[in-house]
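Q: Let's walk through a model together. Could you show me the structure before we start?

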Amino acid sequence: MFEFKPNSDLKKNYDLLQKAIDSHLEDEDNLIANLANIASFIYTALPDVNWAGFYLAENGLLILGPFCGKPACVRICFGAGVCGTAAQNGEVVVVPNVHEFDGHIACDGETNSEIVLPIFKGGKVFGVLDVDSPILNRFSQTDIEGLTKIADSISRYLERLA
């Protein structure tokens with residue numbers, strides 16, 4: 001098991017986080033176990049995060065998967081809220097202020113900003129990685145790049161499972 005110790009430098013922190021995640025994905029073939037550990041790594045490694053987890057695509061819906069944080073919405077339609085928008089468009093969505101996002105689904109009233117990244121399998125959206133923060137405008141270009149690498153690693157792992 002790879003031991004992860006967060007670093008105060010966000011870029012270095014993402015490099016360490018990526019190594020920890022890649023190690024898990026190499027050594028374990030259980031999807032749910034891996035997603036649970038990845039959610040925990042992100043939740044504990046990134047500063048000012050109050051929710052980190054996954055929604056998995058199923059019949060036009062996103063169904064709650066492994067996560068860390070307060071209880072969350074169980075089902076989200078493609079196109080609804082930040083997660084559904086990222087899933088429908090297959091693109092990263094960064095929301096500096098969720099209260100200004102038309103159709104935002106508020107699972108935790110303390111969340112003020114959010115980033116959602118699609119995860120692909122076979123060229124289709126398999127699910128999304130969702131990270132929330134109580135801080136307005138929390139997610140930077142460094143976060144976009146670091147979390148995109150994580151989502152891409154998960155997508156490559158899913159292709160290996162096929």
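Q: How exposed is Glu110, buried, partly exposed or exposed?

A: First, the ground rules: this is a predicted model, so local features need pLDDT of at least 70 and side-chain atom pairs count only at pLDDT 80 or more, while totals for chains, interfaces and linings use all residues. Residues are numbered from 1 along each chain as its sequence is written, and side-chain values use heavy atoms, with hydrogens and water left out. Now the general idea: buried means under 20% relative accessible area, exposed means over 50%, and partly exposed is in between (1.4 Å probe, protein chains only). Glu110 has a relative accessible area of 47%, so it's partly exposed.

Q: Which residue does Glu110 form a salt bridge with?

A: You look for a side-chain nitrogen of Lys or Arg within 4 Å of a carboxyl oxygen of Asp or Glu. Here the partner of Glu110 is Lys70, with the closest N and O atoms 3.2 Å apart. This pair ties together distant parts of the chain, 40 residues apart: Glu110 sits in the loop between β4 (93–95) and β5, and Lys70 in the loop between β2 (61–69) and β3 (75–77). Lys70 is partly exposed too, at 40% relative accessible area.

Q: What do those helix and strand labels rest on?

A: They're DSSP runs numbered from the N terminus: helices are H or I with at least four residues, strands are E with at least two.

Q: How many salt bridges does the structure hold?

A: Three. One of them joins Asp15 to Lys11, with the closest N and O atoms 3.3 Å apart. Those two are four residues apart in helix α1, so about one helical turn separates them. Asp15 is partly exposed at 35% relative accessibility, and Lys11 is partly exposed at 44%.

Q: And Arg138 with Asp143: are they buried or exposed?

A: Both are buried. Their side chains meet in a salt bridge at 2.7 Å, N to O.

Q: Which residues make up the negative surface patch?

A: Patches are built from residues with over 30% relative accessible area and no salt bridge; like charges are joined within 9 Å, and nonpolar side chains (Val, Leu, Ile, Met, Phe, Trp, Tyr) within 5 Å. In this model, Glu26, Asp27, Glu28 and Asp29 form the negative patch. Asp27 belongs to helix α1 (residues 10–27), and its relative accessible area of 61% makes it exposed.

Q: Which residues touch the most other members of the largest nonpolar core?

A: Think of a nonpolar core as a set of buried Ala, Val, Leu, Ile, Met, Phe, Trp, Tyr and Cys residues joined through side-chain atoms within 4.5 Å. The largest one has 29 residues, and those touching the most other members are Leu17, Ile42, Phe54, Leu129, Val131, Leu147 and Ile150. At least two core residues come from each of α1, α2 (31–45), β1 (51–58), β5 (113–121), β6 (124–133) and α4 (141–161). The biggest share, seven residues, is from α2.

Q: What stands out about phi at Asp48?

A: Most residues other than glycine have a negative phi. Asp48 has a positive value, near 60°. You'll find Asp48 in the loop between α2 and β1, where it's partly exposed, at 44% relative accessible area. Asn59 also has a positive phi, near 55°. Asn59 lies in the loop between β1 and β2 and counts as exposed, at 76% relative accessibility.

Methods: Areas by Shrake-Rupley, 256 points an atom, 1.4 Å probe, with all protein chains shown as cover. Lys, Arg positive; Asp, Glu negative; His and termini not counted. Charge placed at Lys NZ, Arg CZ, Asp CG, Glu CD.
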